[in-house]
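Hi,

Here is the structure I said I would pass on. Have a look at it first, and then read my notes below.

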Amino acid sequence: MSELVLINVSGRDKPGLTSEITGIMGRYDVRILDIGQAVIHDHLTWGILAEIPEEANAPHVIRDLLFRLHALDLQVHFAPITEEEYQQWAAGRNRACYIVTLLARDIQAEHIARVSEITARHGLNIDNISRLSARPSLNRADNRLACVEFSVRGTPSDLEALRTDFLKIAGELNVDIAFQEDSIFRRNRRLVVFDMDSTLIEAEVIDELAREAGVGDQVAEITERAMRGELDFSESFAERLALLKGLDEAVLEGIAARLKMTEGAEHLIRTLKALGYRTAILSGGFTYFARFLQARLGIDFVHANELAIENGKVTGEVSGQIVDGKRKAELLLEIAEREGVSPEQVIAVGDGANDLPMLSQAGLGVAFRAKPLVKESARHSISTLGLDAILYLIGFRESDTVHAVKASGS
């Protein structure tokens with residue numbers, strides 16, 4: 001009968017090691033059942049689960065491997081595996097696989113410890129841990145963001161309790177933790193839709209208009225309550241808009257010119273374009289400013305509220321249908337259908353309560369620097385990093401995005 005042997009190799013990495021080791025096995029017609037390799041700071045950890053045919057004589061294979069690995073100054077460990085052990089292990093590979101993404105300015109040992117403790121407590125086993133962000137500088141002040149991804153497998157008994165536990169420690173540790181199924185759609189998203197105010201830009205444009213109109217405090221208070229979900233969006237929007245009546249149209253250009261982009265927004269959009277994604281702004285704000293951003297960032301679609309202006313003055317009303325939360329969700333589905341993609345292939349990003357309907361429609365809905373109610377209601381949230389951290393949620397490494405942008409010439 002054939003023999004199953006687990007072979008673990010470690011030591012300083014050198015070019016050609018995999019070829020050397022598997023070349024020896026190849027001479028004995030060894031079958032590879034599983035293989036994995038990791039290199040950290042030029043130190044190799046390498047494993048193979050091998051099936052050695054009876055006619056090959058396992059001791060001869062092991063002897064040849066030992067001689068060569070010793071000559072290469074590598075440590076090796078051989079462990080026999082029973083057929084029953086293998087079958088149990090192989091059956092476990094068919095369990096659901098999930099991705100846990102840890103995002104922070106800097107990754108600490110405590111972050112890893114707390115995340116891994118929660119996964120274990122909920123019956124999940126870690127298969128693999130990878131760093132998606134670039135290696136950090138030893139000068140911590142230079143580090144913009146960090147991301148570690150855990151591939152975990154198992155069947156958690158209570159997914160909501162698991163998500164609640166992650167949300168709790170994310171707040172305690174000032175990190176972001178995303179938990180999602182590792183499905184076929186994860187790296188196959190094709191459309192990304194954004195809220196505008198406090199998402200793509202740091203301001204609420206209606207508050208900026210109100211300041212110009214001399215009613216800033218009144219409007220800002222209503223805006224804050226609406227974003228927290230305390231007021232109906234359409235009613236609060238109409239109330240705020242009425243306070244702008246008589247504002248001179250000329251101030252719009254100045255407000256647009258001083259709008260500050262959210263951290264990571266330009267890098268994210270540039271990368272998405274290079275990778276062939278379609279993008280849209282679905283905003284409860286105003287088309288004048290959304291189109292300004294469209295021209296600056298190269299956004300494909302814009303849907304927002306048309307600010308009514310007569311004789312150079314704001315009328316305090318909008319033209320056409322108000323883009324509220326319900327309308328944003330409808331627009332997401334309409335654009336997806338027009339582009340020939342399923343809702344599962346859509347990413348939606350927003351910060352306010354009126355964004356929750358579209359976040360729930362998308363395959364990946366992300367509450368960005370959102371109010372507590374929105375964070376708790378959304379499946380995913382980012383609070384500690386910039387918008388470009390979304391690239392890590394869909395599995396891209398920093399090197400992937402850099403190469404994509406260079407290749408596109410963006």
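Strand 1 (residues 3-12) and strand 3 (residues 43-52) run antiparallel and share 10 bridges, with Gly11 standing opposite Leu44 in strand 3. Before I go on: this is a predicted model, where local features need pLDDT of at least 70 and side-chain atom pairs count only at pLDDT 80 or more, while totals for chains, interfaces and linings use all residues. Residues are numbered from 1 along each chain as its sequence is written, and side-chain values use heavy atoms, leaving out hydrogens and water.

On terms, helices (H or I, at least four residues) and strands (E, at least two) are DSSP runs numbered from the N terminus, and two strands pair if DSSP finds at least two bridges between them.

That pair belongs to an open, antiparallel sheet of 4 strands in the order 2-3-1-4. Its edges are strand 2 (31-40) and strand 4 (75-81), each pairing on one side only. Neighbouring strands here are turned by 10° against each other on average, direction ignored (axes are lines fitted to C-alpha atoms, for helices over the stretch in contact, and angles run from 0 to 180 degrees between N-to-C directions). Helix 2 (residues 58-71) packs on the sheet and touches strand 1, strand 3 and strand 4, at about 165° to the direction of strand 4; contact means heavy atoms within 4.5 Å. Helix 3 (residues 83-92) lies across strand 1, strand 2, strand 3 and strand 4, at about 95° to strand 4.

The other sheet I looked at is also open, with 7 strands in the order 12-11-10-9-13-14-15 and mixed pairing. Strand 12 (313-319) and strand 15 are at its edges with a single partner strand each, so one side of each has no neighbour in the sheet. Strand 13 (residues 346-350) and strand 14 (residues 364-368) run parallel, joined by 4 bridges, and Val349 stands opposite Val366 in strand 14.

The search uses a 1 Å grid over the protein atoms alone: a cavity is a set of points where a 1.4 Å probe fits but cannot get out, a pocket is an open set with protein on both sides within 12 Å along at least five of seven lines, and lining residues have an atom within 4 Å of a point. Grid points are joined across faces, edges and corners, and a volume is the space filled by probe spheres set on the points.

The largest pocket holds about 930 Å³. It has 29 lining residues, and those closest to its centre are Gln37, Ala38, Thr45, Asn128 and Ile129. Strand 2 supplies the largest share of that lining, 7 residues. The second largest pocket has a volume of about 370 Å³, and helix 5 gives the most to its lining, also with 7 residues.

Cheers
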